[in-house]
Amino acid sequence: MTVTVKEMLAGAITGSIEEAVRAGLLPEAEYPEVKIEYPREARFGDYSTPVALESAKAVKKAPVEIAGIIKPYIEKIGIVESVEVVKPGFINIFISNAFMCETLKTVIKEATDYGRSKSANTQKYNIEFVSANPTGPMNVVSARAAAIGDTLANLLEAAGHSVDREFYVNDFGNQVTLLGRSVLARVMEQRGEKVDFPEDGYHGDYVKDIAANLIELVWDQFEQISGEEQRIRFCADYAVKYNVAGQKKDLTDFRVEFSRWFMEHTLHDSGAVMDTYTLLDGRGHIFDEEGKKLFKSTDYGDDKDRVVVRDDGRPTYLLADIAYHRDKLGRGYDTIIDIWGPDHHGYIARLSGAMAAMGCREDGFKVLIAQQVNLVMDGEAVKMSKRLGRFSTMRELIEEIGVDAARYFFVMRSMDSHLDFDLSLAKKQSSENPVFYLQYAHARICSIFREAEKRGIEYDTGNISNTVLDNPEAAALMKLLVKYPEEIIDAAAAMEPHRLPAFLMKLAQAFHRFYTEHRILADEEDVRNSNFAAAAAVRTVLKNGLTMLGVSAPESM
């Protein structure tokens, strides 16, 4: 597992302060935890620490003076090339070329483990994402949530945490009953009967597919059911199973696997929904209004209190959702994360309030919103579906552009922003397409190694010359390789998966500059060994990063 430079520097600078205190140069005091940051510009160093600024009040010295006292100790740290103190007291640190060259060996040695770390504070996460209604095919917003949720889970795991991926199936209530009515109508139509289709039913052709499948596979069972309500229930159950099976297939093809598929009906069957009402009522969070039971969500910042039990005694969807999250709480997660679609902003306050009412700590529940996706082709908004009318389905998108492009494009922008998904760009086999550009960089490096083997050229990636790699292109490349594990940790902590594709793009661009300026298949042994080591390390990190995004890393293109 990788130890990051930030971790090395934080520990070493803490030791430097302790040494300065023992030498009598700094007083005994309550010093702050050492923070390691990236300077705004490369000319200000590779890393920076504000520890002198943050210590000034406790030490009762000017920050620049404190920094000047610590500076000689930091300069003795093995991985440090030089240190600068700049007003008002920042300490800027430049990492040595020798250490960066050693990092190439570390990358090559650790291979698929490079970038994975052990967390000092391992957390158990539950991430619920996609959770599309089982009433039809998944759309492109669900596809975006799938790519984002899975990549975030990968990042958290790489940062040393435990993650369960969960899909919540809303297989209870009016929408499922309506689906059953719709399927039943199509079944009877296909059997030659004239029926009135439900006015507010599900009109997509996929309902006809479900009906045909039911007739083909379970008609004998269906015929044994006499009452209409029982037939609706049978059709609803069959349709949900059919649709969920399709969702599982689509997600598997999208390289997303869930730890658990949680069925809503199990909460109702077990009595957990009304048990949750009893819990909230017992804690004083419920009041009665004209026969309805309301949760006091305004106590937690909601704009109004919310009905959880109707005046006829039936629980609302909100109460079932609260019961579901209570179930998650009972499973002992440190942090519960929900990724929702763009139309759920208003739901955050009421569910967050319910979580607090049930004893969840403030930072133990987080909601992330994956914003709207607009499909664009040649600058024009499009709908993917020819067959399903109003649907732009995840399956059609995969078939149109492939999994690699879809997963990359969904993650490359912040989930907070609306995404104009450029289908024309995603299909291009050129450097304009960012996923093609990254994959090509990986394939190009693989081709260099194949060419060396073909020519019988020998190289030793463990025998690196610091002098050979003491140039701007190699330095820029190696600095990115050094920072890759930190990017994983930071992206996971910030819950910003889009940072990973941005980093990989910088790395690929840096490699192309290096490749243009330096001959990897060089005649000189020390040049060849060093450049091959740089190429091998870049290949490893590109593959590791692409894999984390759920994107393939082809060896030839």
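Let me begin with a term: a residue is called buried under 20% relative accessible area, exposed over 50%, and partly exposed in between, with a 1.4 Å probe and protein chains only. The model before you is predicted, so local features need pLDDT of at least 70 and side-chain atom pairs count only at pLDDT 80 or more, while totals for chains, interfaces and linings use all residues. Residues are numbered from 1 along each chain as its sequence is written, and side-chain values use heavy atoms, with hydrogens and water left out.

Side chains of opposite charge can pair when their charged atoms come close. By salt bridge I mean a side-chain nitrogen of Lys or Arg within 4 Å of a carboxyl oxygen of Asp or Glu. Helices (H or I, at least four residues) and strands (E, at least two) are DSSP runs, numbered from the N terminus.

How many salt bridges does a search of the whole structure find? The search returns 33.

I turn to individual pairs. Asp404 and Arg255 are joined through their side chains by a salt bridge of 2.6 Å, N to O. Asp404 belongs to helix H14 (residues 403-411), whereas Arg255 sits in the loop between helix H8 (228-253) and strand E6 (260-263), so this pair ties together parts that are 149 residues apart in sequence. Asp404 is buried, at 16% relative accessible area, and Arg255 is partly exposed, at 38%.

Next, Arg350 and Asp302 form a salt bridge whose closest N and O atoms are 4.0 Å apart. Here helix H12 (residues 348-357) supplies Arg350, and the loop between strand E8 (292-295) and strand E9 (306-309) supplies Asp302, so parts 48 residues apart in sequence are tied together. Arg350 is buried at 16% relative accessibility, and Asp302 is buried at 8%.

The next pair is Lys427 with Glu400, with 2.9 Å between the closest N and O atoms of their salt bridge. Lys427 lies in helix H15 (residues 423-427) and Glu400 in helix H13 (residues 394-401), so the bridge ties together parts 27 residues apart in sequence. Lys427 counts as partly exposed, at 39% relative accessibility; Glu400 is partly exposed as well, at 35%.

Salt bridges also link Asp150, Glu157, Arg165 and Arg407 in a network.

Finally, a residue in a loop: Ala120, located between helix H4 (97-110) and strand E4 (124-128). Ala120 is exposed, at 88% relative accessibility.
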